[in-house]
Amino acid sequence: YHALGASAYFKEHRGTGSDSTLFVVNLPNTATTASLRQVFNQFGEIEAVDLDQPPYRTRCARVIFSERASLKLALAAVEIDDSPLLRREAEVERSVVKRLVTAHEATLPASDALMVAADKCMALFEQEENSEVERRAVLRADGADDDGFITVTHKRKERKETVAPAGKKKKKDLELKNFYRHQIREEKKDKLLELRQRFEEDKARIAKLKEARKFRPY
């Protein structure tokens with residue numbers, strides 16, 4: 001890029017179908033086609049000026065010369081002094097920005113007033129926090145949780161066991177042991193009788209087979 005005044009720059013613009021186009025960047029927002037013509041008409045006749053319109057953050061323009069020789073003269077210049085019109089437009093832009101900044105700063109509160117408002121907000125916040133802590137403490141004292149709900153639980157009654165005297169309990173245990181001993185003895189007696197009955201039945205059947213000569217032990 002070649003310098004144009006204190007802020008703008010330019011170079012040859014290629015790939016547009018024209019070999020005599022100059023690309024200018026970093027123009028002030030107040031730049032116009034007239035001011036650009038006034039800057040570059042010293043190098044030759046200008047066919048057209050294509051200037052990007054706001055709200056682009058960085059404005060740029062394409063200056064199309066009628067002849068390529070004019071483009072070469074512009075590129076040969078190491079630095080071009082911007083026209084008074086372009087300088088005046090840049091000054092207007094700076095003054096507008098300065099006025100807007102001043103107006104914005106006037107809407108901001110003073111530091112002392114801001115400190116008082118911040119202290120007031122913090123005091124109110126701490127008061128609300130202390131109230132919340134006290135409320136939760138009261139709820140917990142009543143058996144409720146932080147949301148105020150009380151958990152209901154069912155408590156089973158304990159069974160009371162009656163303790164019998166030592167003598168009666170010993171006698172009862174002895175009766176149970178005797179009962180179980182008698183029951184076991186009766187069961188053994190019944191099984192023995194059943195085995196004897198089966199033995200007699202088998203003995204009679206074998207004797208009957210012998211008589212019929214049908215006894216085949218093997």
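Guide: One term to begin with: buried means under 20% relative accessible area, exposed over 50%, and partly exposed in between (1.4 Å probe, protein chains only). This is a predicted model, so local features need pLDDT of at least 70 and side-chain atom pairs count only at pLDDT 80 or more, while totals for chains, interfaces and linings use all residues. Residues are numbered from 1 along each chain as its sequence is written, and side-chain values use heavy atoms, with hydrogens and water left out.

Visitor: OK, D52 then: buried or exposed?

Guide: D52 counts as buried, because its relative accessibility is 18%. You'll find D52 in the loop between β4 and β5. Strands here are DSSP runs of E, at least two residues, and helices are runs of H or I, at least four, numbered from the N terminus.

Visitor: And what does D52 touch?

Guide: Leaving out residues up to four places away in sequence, R59, C60 and R62. Contact means heavy atoms within 4.5 Å.

Visitor: Switching topic: how many aromatic pairs does a search of the whole structure find?

Guide: One. F10 and F40 pair edge-to-face, at 5.7 Å centre to centre with 80° between the planes. Phe, Tyr and Trp rings (six-membered ring for Trp) pair if their centres lie within 6.5 Å; planes under 30 degrees apart are stacked, over 60 edge-to-face, the rest tilted.

Visitor: Which parts does that pair tie together?

Guide: F10 is in strand β2 and F40 in helix α1, so the pair links parts 30 residues apart in sequence. F10 is buried at 0% relative accessible area, and F40 is buried at 0% as well.

Visitor: Now α2. Which residues are buried there?

Guide: S70, L71 and A74. Looking down the axis of α2, the buried residues fall within an arc of 100°, so they line one face of the helix. That arc is taken from the directions from the helix axis to the C-beta atoms. K72 and A76, on the other side of α2, are exposed.

Visitor: What does the side chain of S70 reach?

Guide: The backbone oxygen of F43, at 3.2 Å. S70 itself is buried, with a relative accessible area of 6%. Setting aside neighbours within four places in sequence, S70 is in contact with F43, G44, E45 and F65.

Methods:
A polar contact is a pair of N or O atoms within 3.5 Å; within protein, one must be able to donate a hydrogen and the other to accept it, and residues adjacent in sequence count only if both atoms are side-chain atoms.
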